[in-house]
Amino acid sequence: MPDSKSELRLQVYLSHCGVASRRASEKIILEGRVCVNGKTVTELGTKVTSQDEVTLDGKKIIPEKRKVYVLLNKPSGYVCSQSDEKGRPVAVELLKDKYSERLYNVGRLDMFSRGAIIFTNDGDFAARLSHPSSEIEKEYLVETSYPLPEGLDVKFSRGVRVEGIFYKAKETKIINTHKMKVVLVEGKNREIRRVFVDAGAAVRSLQRVRIGNITLDTLKEGESRELTDYEVKKLLELCKK
């Protein structure tokens, strides 16, 4: 939190308030949802100090006093956003009873995927972890309705182009006739589903079981736990510069 003299860029200030990551905060500013001392601000270069009153959607916001890092085992049927205009359930609501801090998801899982997703109010942590250059491994278990097409594991690990977009898994492993392990380091939008559908494989279940050094272990669907200081440190160490 800045003192009365030091200044922070507005998007950094928002991330320190647990509003969203810096990148997402920039979008919020551009949408005209932020006011500084009663005036709407849409300039990303705007700077603020602790003497300024900052509001988001008319509500005053202040930096969080505690940094929180939470692992959630997201059930299928929940969307990863702060709210949903279609009225669908949002994953962050599963944390409301345990945490008073404003938490937001680091990365995403689509509505019908389940498994590991991290929530935080630490903008710097979220920015480092979610940036493609970090190359954090994310491990998935994919189950199909019908037997896996022959050679799909090799094809995905070598790289495949679907509708002009190139997809490549870091690692693949056939577990049985209907299940494959897939490890990604970038994770483009709906990457696994698009590759499988293109190969003629109907995905029945898609679960993320690991993010870097963080695994679900015995965490049941809908349950959450805080990451330890050691886990957070190791996760950041895995981020490539």
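Q: Which residues are exposed on the other side of α6?
A: D229, Y230 and K233 are exposed there; exposed means over 50% relative accessible area, buried under 20%, and partly exposed in between (1.4 Å probe, protein chains only). Helices (H or I, at least four residues) and strands (E, at least two) are DSSP runs, numbered from the N terminus. This is a predicted model, where local features need pLDDT of at least 70, side-chain atom pairs count only at pLDDT 80 or more, and totals for chains, interfaces and linings use all residues. Residues are numbered from 1 along each chain as its sequence is written, and side-chain values use heavy atoms, with hydrogens and water left out.

Q: And which ones are buried in α6?
A: E231, V232 and L235 are buried in this helix, which spans residues 229-238. Seen down the axis of α6, the buried residues fall within an arc of 100°, so they line one face of the helix. The arc is that of the directions from the helix axis to the C-beta atoms.

Q: What covers the buried residues of α6?
A: The cover includes β7, β9, α3 (123-130), β15, β16 (214-215) and β17 (224-226).

Q: Switching to strands: why is β14 largely enclosed?
A: Five of the six residues of β14 (residues 179-184) are buried, so the strand is largely enclosed by the rest of the structure.

Q: What sense does β14 pair in with β10, and over how many bridges?
A: β10 (residues 138-144) pairs with β14 in the antiparallel sense, over six bridges. Two strands pair if DSSP finds at least two bridges between them. L141 has K181 of β14 as its bridge partner.

Q: What about β13 and β14?
A: β13 (residues 171-176) and β14 are also antiparallel, with five bridges. E171 stands opposite V183 in β14. The two strands form a hairpin with two residues between them.

Q: How many residues are in the largest nonpolar core?
A: The largest core has 32 residues, and those with the most contacts inside it include F119, V182 and F196. A nonpolar core is a set of buried Ala, Val, Leu, Ile, Met, Phe, Trp, Tyr and Cys residues joined through side-chain atoms within 4.5 Å. Apart from it lies another core, of 19 residues, among them I136, I211, L227 and L235.

Q: Back to helices, which residues of α5 are buried?
A: E191, I192, R193, V195 and F196. The buried residues of α5 pack against β10, α4, β11, β12 (165-167), β14 and β15, with contact meaning heavy atoms within 4.5 Å.

Q: What follows α5?
A: G200 does, and its phi is positive, near 85°.
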